[in-house]
Amino acid sequence: MDATKRLLRNLPEHLLYFLAADVVCMLLTFAVNLMVRPLLVEMARGDAAKEQTVETILFAVFAVLFFVVLAVIFAKSPIQRTAYLSATIGREYSFLSDLKAFLKGGLWIGVTTYALFCLIPTFFLWLMPDIQYLPTLFYPQYALTELCGAWSGYAVDIAAYLVFSLLLFPCLHLYWEKNRLYQ
């Protein structure tokens with residue numbers, strides 16, 4: 001199948017995974033910002049360096065939290081598991097050949113979809129940085145924007161997803177293959 005057709009076929013599914021992870025992170029960051037952040041900021045009150053350190057650590061945690069939630073969603077997705085296992089029925093499994101196949105197709109589809117997902121919030125955060133409620137909707141991208149700046153945060157986000165995918169999906173494939181019901 002042509003790579004463009006595969007991208008267009010998998011685009012809505014990946015966008016839904018990213019959106020689900022974003023909603024979970026939105027709820028978790030809301031809880032942390034409501035309960036933990038005031039306590040930490042109060043403990044550092046009066047010392048601007050400590051307050052900045054607390055903010056930096058929280059933003060880094062929120063950015064990493066997105067990838068943790070996304071990994072759990074992908075790992076628990078019966079759609080991903082079934083699609084992979086049904087596509088590899090009757091094939092002899094090899095980690096290296098699976099990794100090569102993933103590098104040729106699946107990686108770039110996921111990275112492209114993630115780049116599209118992050119482009120809109122990054123653009124609006126760059127264009128209107130003082131907007132009140134947009135950061136709460138896309139908190140992981142906002143956290144990277146606060147840490148690195150708008151477009152460099154976007155590049156870091158895409159690079160982080162690339163590394164995340166290279167680590168997660170081949171390991172998931174290996175796990176699913178080892179737990180296949182029949183050989």
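How many salt bridges does the count come to in this structure? The count comes to 2 salt bridges, and both are described below in a model that is predicted. The protein chain has 7 helices and 0 strands, so that, with helices defined as DSSP runs, its pattern along the sequence reads α-α-α-α-α-α-α. Of the 183 residues in the protein chain, 38% are buried.

**Overall dimensions and contacts**

- The C-alpha trace of the protein chain spans about 65 × 30 × 25 Å along its principal axes.
- The protein chain has an accessible surface of about 10,900 Å², and carbon and sulfur atoms hold 71% of that surface.
- Among the contacts in the protein chain with a separation of 6 or more, 81% are between residues 24 or more positions apart.

**Salt bridges**

- The side chains of R37 and E55 form a salt bridge with an N to O distance of 2.3 Å, and this pair links distant parts of the chain, with R37 in helix 1 (residues 3-43) and E55 in helix 2 (residues 48-76), 18 residues apart.
- R37 has a relative accessible area of 12% and is therefore buried, given that the cut-off for a buried residue is under 20%.
- A salt bridge also joins the side chains of R45 and E42, where the N to O distance is 2.7 Å.

**Helix 3 against helix 7**

- The axes of helix 3 (residues 78-87) and helix 7 (residues 150-178) come within 10 Å and cross at roughly 70°, and because angles of 65 to 115 degrees count as roughly perpendicular, helix 3 and helix 7 are described as roughly perpendicular to each other.
- On the helix 3 side the residues in contact are Q80, R81, Y84 and L85, and on the helix 7 side they are F169, H173, W176 and E177; by class, this contact has 4 nonpolar, 2 polar and 2 charged residues.
- L85, which is placed in helix 3, is buried with a relative accessible area of 11%.
- Leaving aside neighbours within four places in sequence, L85 is in contact with W176, E177 and R180, and the C-alpha atoms of L85 and R180 are 7.7 Å apart in space although the two residues are 95 residues apart in sequence.

- Which residues does H14 touch, not counting residues up to four places away in sequence? H14 lies in helix 1 and touches F74, Q80, G110, T113 and Y161 on that count.
- H14 is buried, because its relative accessible area is 8% and the cut-off is under 20%.
- A75 has its place in helix 2 and is partly exposed, with a relative accessible area of 31%.
- Not counting residues up to four places away in sequence, A75 touches L172 and W176, while the C-alpha atoms of A75 and A115, which are 40 residues apart along the chain, are separated by 21 Å.

**Helix 6 and the residue after it**

- Why is helix 6 (residues 139-148) described as largely enclosed by the rest of the structure? The description holds because 7 of its 10 residues are buried.
- The buried residues of helix 6 are Y139, P140, Q141, Y142, A143, L144 and T145.
- Just after helix 6, G149 takes a positive phi of about 100°.

**An exposed loop residue**

- Y133 lies in the loop between helix 4 (95-127) and helix 5 (134-137), and its relative accessible area of 63% makes Y133 exposed.
- The C-alpha atoms of Y133 and P78 are separated by 33 Å, with the two residues 55 residues apart along the chain.

Note on methods:
Residues are numbered from 1 along each chain as its sequence is written. This is a predicted model: local features need pLDDT of at least 70, side-chain atom pairs count only at pLDDT 80 or more; totals for chains, interfaces and linings use all residues. Side-chain values use heavy atoms; hydrogens and water are left out. A salt bridge is a side-chain nitrogen of Lys or Arg within 4 Å of a carboxyl oxygen of Asp or Glu. Helices (H or I, at least four residues) and strands (E, at least two) are DSSP runs, numbered from the N terminus. Buried means under 20% relative accessible area, exposed over 50%, partly exposed in between (1.4 Å probe, protein chains only). Axes are lines fitted to C-alpha atoms, for helices over the stretch in contact, and angles run from 0 to 180 degrees between N-to-C directions. Angles under 35 degrees count as roughly parallel, over 145 as roughly antiparallel, 65 to 115 as roughly perpendicular and the rest as oblique. Contact means heavy atoms within 4.5 Å. Ala, Val, Leu, Ile, Met, Phe, Trp, Tyr, Cys and Pro count as nonpolar, Asp, Glu, Lys and Arg as charged, and the others, Gly among them, as polar. Accessible areas come from the Shrake-Rupley method with a 1.4 Å probe; for residues, only the protein chains shown count as cover.
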